[in-house]
Amino acid sequence: MKKNKTTQRMAMVLLSVFALLFLVLAGRFLFIQASGEVAGVNLKKFAESKRTDSYTLEATRGKILDRNGMELAYDQPTYSIYAIVSEEYSADKEHPIHVTNVDKTAKEIAEIIGADENDLKKRLQDGIDGGKFQVEFGSAGSGLSQDQKKKIEDLELPGIQFTEEAERFYPNGTFASQVIGLAQRQDGVITGLTGIEQQLNDQLAGKNGNISYEQDGYGYKLLNPNEEVQAAQDGDNVYLTIDQKIQTLLEDTLTQVDDKWNPKKISAVVMNPKTGEIVAMSNRPSYDPNDPENVENWYNDSISNPMEPGSTMKMFTVASAIEEGKWNPDEEYKSGSFKVDDETTIYDWKREGWGSITNLEGIQRSSNVMVANLVANKIGEEKFLNYLKKFRFDQKSGIDLPGEIPGTILYNYQSEKISTSYGQGTTATPIQMITAASAIANDGKMVTPHIIDKIINPATKKVVEQKKTKVQAEPISKETADETLKILESVVTSEHGTGKPYKLDDYSVAGKTGTAQIPNPNGGYMEGKNNYLFSFLGMAPADDPELIMYVSVLQPELSETETGSEPSAFIFKNVMENALHYMDISPDQADDKNEVSEKRVPDIEGMSTRATKKALEDTGMDVVVVGEGDKVAKTSVESGQTVLEGERAIIVTDEPTMPDINGWSMREVLELGELLQLDVETINSGYAKTQSIKKGTKLNKNDYLAVEFST
């Protein structure tokens, strides 16, 4: 009896406990149902978050284009390949969607992606043996092109899948690469690392978007998924002042010089002196941003490598003397040597000199003694320093590129003050030299160089930013600039002129040569025929320059019969002559031996092909008819236009076919391309040697024409 009572009491206690627990749990459930919260967490929102999937909508990086809209850098899709190796993924065994034949899969894919067949086979088999769901193919399986992807898809290999992502592509390879720069994927985002890609990374990158939706337990989107989309904002497009045609001409010419003379470095800049627009800029060594492996030089030497400029500095010494009223071209001095102080004597490059000569002959012969005398006895050392600062040799040029490093005015000792007059001791970059020279070419107004033309929103097509010409200083007057131009023109035309190798066929040139010694790390300067920086700073046409160009070649490997000016003259003449023709600048000088006469094009409006051809031939022009049509679609000359006897005229008929362009100049080939709206690529420089479209082939708008030129 006693035991039963105890049992009953225990049962009542347990029953009470369970009843209390039930009430607590039931109350809790009722509370949760009523409030929808647990520990402050809203259960509805928690459930939604658990079944909501989201992913990033990547913005397309903006394009970089040349001044005419030619694409220089843009995003393109690339693909990575992976293989599903789990048999469980294939619900239908008769139509498997996992890898079923390891040997065949590895062999056929390896041939397309250039991978090792045994490596792919091992990756696949290890994945199967290890019970993995999928395997990847390493670096060989990433960065695949659209063509490679299609070839693999055509094989219809089960289990092979792709992921897509954008990568930066540079269609012209080694083309202004140190200007355009490099952008690569870092932490999942394409980021600008150098050049314009770095300078305008924020504008180019845009802003990523996001998409989210609710899904069921199997990952399928619900019928009412509450989808939210925040659209990506693509990056702005950046237009450069670079002209693709002139830049290509420069790149090809530098490559030829690099191959022939193997210099340590080359830098070249072409600028419009009236606006400050850089139309071409390049260096050697350079690199291909599509394959940035074993890059010898990442830096843009045109803006970041200060060097002693040598005698090109003399043009600024002479301009300073003219501005100060201390220049007398007919005044004579004793050339050869100049005693600076008790310890220092400077010499002309011809140590014995040329006897007593005039100041004008001194600049033509590039006499160190002449400019030293100007600074020491005419201008004055402190005033000359003021002019150096007016030309801003102690400051950055202000170009809109990252990494600019200005040179230094070395002006502590008497010897340094004098040697600066002929470009020794003091250093400057090519961009500083060409910026300072813009004052001489542009009526005394020194413009700020710029390489960004405009920035455009790709969605609205509106101009976000438009660069304008900026005059940063006026170190000399228009009268001084005009007189300096005439003096510099004589450096090229005079019988004693050191600039004679830089004379152009069709345009007058004003400029100054430079042969700078190279400092020896152990003190003093290096010796030997090749151990110089050979340069030229020239502008054309001389009376009203449309282009100004600085070119420097460091330590070329010259033969016994070659002079230091040959590599730099080859670059200047090829680029400047062809660029001015391409820009349709009228020649200001003709070959007197040919006695070329000018004639006026008669009224050819509405004439048939045959009649137009005869009318142009009657003016003495060399006429080329493009096609067999009877009607004239376009002509390269217009009624009333003044032309030169022997000049080539192009008649495009309504049924155009490719002509034989062997022997044509680059200007004529580019003119043909514009008339026919062809996509023209030029290779090397000189005159047309080969053409990718055969003579007689029917032509259509945007056809690709590659033309190789030869000197």
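Select Asp 126 and Lys 122 to begin: the two form a salt bridge, with their closest N and O atoms 2.8 Å apart. A salt bridge here is a side-chain nitrogen of Lys or Arg within 4 Å of a carboxyl oxygen of Asp or Glu. The model is predicted, so local features need pLDDT of at least 70 and side-chain atom pairs count only at pLDDT 80 or more, while totals for chains, interfaces and linings use all residues. Residues are numbered from 1 along each chain as its sequence is written, and side-chain values use heavy atoms, with hydrogens and water left out.

**Salt bridges within helices**

Keep the pair selected and show helix α4 (residues 117-129), which holds both Asp 126 and Lys 122, four residues apart, about one turn of the helix. Helices (H or I, at least four residues) and strands (E, at least two) are DSSP runs, numbered from the N terminus. An α-helix has 3.6 residues a turn, so residues three or four places apart point the same way. Asp 126 is partly exposed, at 38% relative accessibility, and Lys 122 is exposed, at 53%. The cut-offs are under 20% relative accessible area for buried, over 50% for exposed, and in between for partly exposed (1.4 Å probe, protein chains only).

Next select Lys 614 and Asp 618, a salt bridge with its closest N and O atoms 3.2 Å apart. Both residues lie in helix α19 (residues 609-618), again four residues apart. Lys 614 and Asp 618 are both exposed. For a network, select Arg 61, Asp 75, Arg 168 and Glu 197, which are joined by salt bridges that share partners. The whole structure has 27 salt bridges.

**Helix α9 and its surroundings**

Move to residues 244-261, helix α9, which has 18 residues. From its first C-alpha to its last, α9 reaches 25 Å, close to the expected 26 Å; the expected span is 1.5 Å times one less than the number of residues. Of its 18 residues, 13 are buried.

Look at the two ends of α9. Asp 243 caps the N-terminal end, with a side-chain oxygen 3.0 Å from the backbone nitrogen of Lys 245. Just after α9, Asn 262 has a positive phi of about 50 degrees.

Arg 284 and Glu 251 are both buried.

Stay at Arg 284 and step to Pro 285: the peptide bond joining them is cis, with omega about 5 degrees. Pro 285 is in the loop between β14 and α10 (301-304).

**Aromatic rings**

Rings of Phe, Tyr and Trp (its six-membered ring) pair if their centres lie within 6.5 Å; planes under 30 degrees apart count as stacked, over 60 as edge-to-face and the rest as tilted. The count comes to twelve aromatic pairs. Select Tyr 502 and Phe 536, which are stacked because their ring centres are 3.9 Å apart and their planes are at 5 degrees. Tyr 502 is in the loop between α17 (478-493) and β23 (510-517), and Phe 536 is in strand β24 (residues 532-540), 34 residues apart. Tyr 502 is buried at 1% relative accessible area, and Phe 536 is buried at 0%.

Phe 572 lies in helix α18 (residues 565-582), 70 residues from Tyr 502. Both residues of this pair, Tyr 502 and Phe 572, are buried. Elsewhere, select Phe 316, Phe 391 and Phe 393, a cluster linked by ring pairs.

**Charges over rings**

A charge sits over a ring if NZ of Lys or CZ of Arg is within 6 Å of the ring centre and within 35 degrees of the ring normal. Select Lys 149 and Tyr 79: the charged end of Lys 149 is over the ring, 5.1 Å from its centre. At Lys 390, the charged end sits over the ring of Tyr 387, 4.7 Å from the centre.

**Last stops in the loops**

Select Ala 540 and Pro 541, where the peptide bond is cis and omega is near -15 degrees. Pro 541 is in the loop between β24 and β25 (547-554). Finish at Gln 555, in the loop between β25 and α18, which has a positive phi of about 50 degrees although it is not a glycine.

Notes
Polar contact = N/O pair within 3.5 Å; in protein donor to acceptor, adjacent residues only side chain to side chain.
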